[in-house]
Amino acid sequence: MLTLKNIYKKLFLDKNGRFVVAQFPNVPIIIWLTTVILNRFIQAQPANTVLSIIGTAALTVWALLEIYSGVNLFRKLLGSVVLLYVVYFIYKLVL
C-alpha cells in the first residue's frame, strides 16, 4: 500500500535507513563548481569556452552517476532533472 510513510522512505532514506538529501561532493561536482568559479574570473576566450565545456561534461557525469547509483529516489530524480537541464541548455546553445 502506498502511504506517506512509504513515499518518505523511498524518497529520502538510503538502504541503511539514514536520511540522505545531500552528500559530500564527489569529483564531478567539485570539477563543475571549480569551472563555475573560474568562469566568473576568466572572461577571455577560448578559456571561458573550454571551462564551460569541462563544467558541463562534469555535471553530466554527476547526473548520470546519480541516476544509476543514487542512494535514494530523491537523488535519482535530482540527477534526472539536472540531466534534462543540461540537455536543454545544450539544445538552446546549438539553436
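Modeller: Before the angles, a word on terms: axes are lines fitted to C-alpha atoms, for helices over the stretch in contact, and angles run from 0 to 180 degrees between N-to-C directions. Helices (H or I, at least four residues) and strands (E, at least two) are DSSP runs, numbered from the N terminus. This is a predicted model, in which local features need pLDDT of at least 70 and side-chain atom pairs count only at pLDDT 80 or more, while totals for chains, interfaces and linings use all residues. Residues are numbered from 1 along each chain as its sequence is written, and side-chain values use heavy atoms, with hydrogens and water left out.

Biologist: Fine. At what angle do α2 and α3 cross?

Modeller: Helix α2 (residues 27–41) and helix α3 (residues 47–69) cross at roughly 155°, and their axes come within 8 Å. That makes α2 roughly antiparallel to α3, on a scale where angles under 35 degrees count as roughly parallel, over 145 as roughly antiparallel, 65 to 115 as roughly perpendicular and the rest as oblique.

Biologist: And which residues of α2 make that contact?

Modeller: With contact meaning heavy atoms within 4.5 Å, α2 contributes Pro28, Ile29, Ile31, Trp32, Thr35, Leu38 and Asn39, and the residues from α3 include Leu51, Gly55, Leu59 and Trp62. By class, the contact of α2 with α3 has twelve nonpolar, five polar and no charged residues, where Ala, Val, Leu, Ile, Met, Phe, Trp, Tyr, Cys and Pro count as nonpolar, Asp, Glu, Lys and Arg as charged, and the others, Gly among them, as polar.

Biologist: How does α3 sit against α4?

Modeller: The axes of α3 and helix α4 (residues 73–94) come within 7 Å and cross at roughly 145°. Among the residues in that contact are Thr60, Ala63 and Ile67 of α3 and Leu83, Val86 and Phe89 of α4. The contact of α3 with α4 divides into twelve nonpolar, five polar and three charged residues.

Biologist: You listed Thr60; what does Thr60 touch?

Modeller: Leaving out residues up to four places away in sequence, Thr60 touches Leu83 and Val86. Thr60 lies in helix α3, and its C-alpha atom is separated by 8.5 Å from that of Pro28, which is 32 residues apart from it along the chain.

Biologist: What about α1 and α4, how are they oriented?

Modeller: The two pack at an angle of about 60°, with their axes 4 Å apart, and α1 and α4 are therefore oblique to each other. Lys10, Leu11 and Phe12 of α1 meet Leu73, Phe74 and Leu77 of α4, a set with five nonpolar, no polar and one charged residues.

Biologist: Now the loops. Which peptide bond is cis?

Modeller: The bond from Gln45 to Pro46 is cis, with omega near 5°, and Pro46 is placed in the loop between α2 and α3.

Biologist: And where is Arg18 found?

Modeller: Arg18 is in the loop between α1 (4–12) and α2. Not counting residues up to four places away in sequence, Arg18 touches Phe12 and Leu13, and from C-alpha to C-alpha Arg18 and Val71 are 10.0 Å apart in space, although 53 residues apart in sequence.

Biologist: Last topic: which elements give two or more residues to the lining of the largest pocket?

Modeller: Those elements are α2, α3 and α4. Of the 13 residues that line the largest pocket, the closest to its centre are Trp32, Val36, Ser52, Thr56 and Phe89. By class, the lining has seven nonpolar, five polar and one charged residues. On a 1 Å grid over the protein atoms alone, a pocket is an open set of points where a 1.4 Å probe fits, with protein on both sides within 12 Å along at least five of seven lines, and lining residues have an atom within 4 Å of a point.
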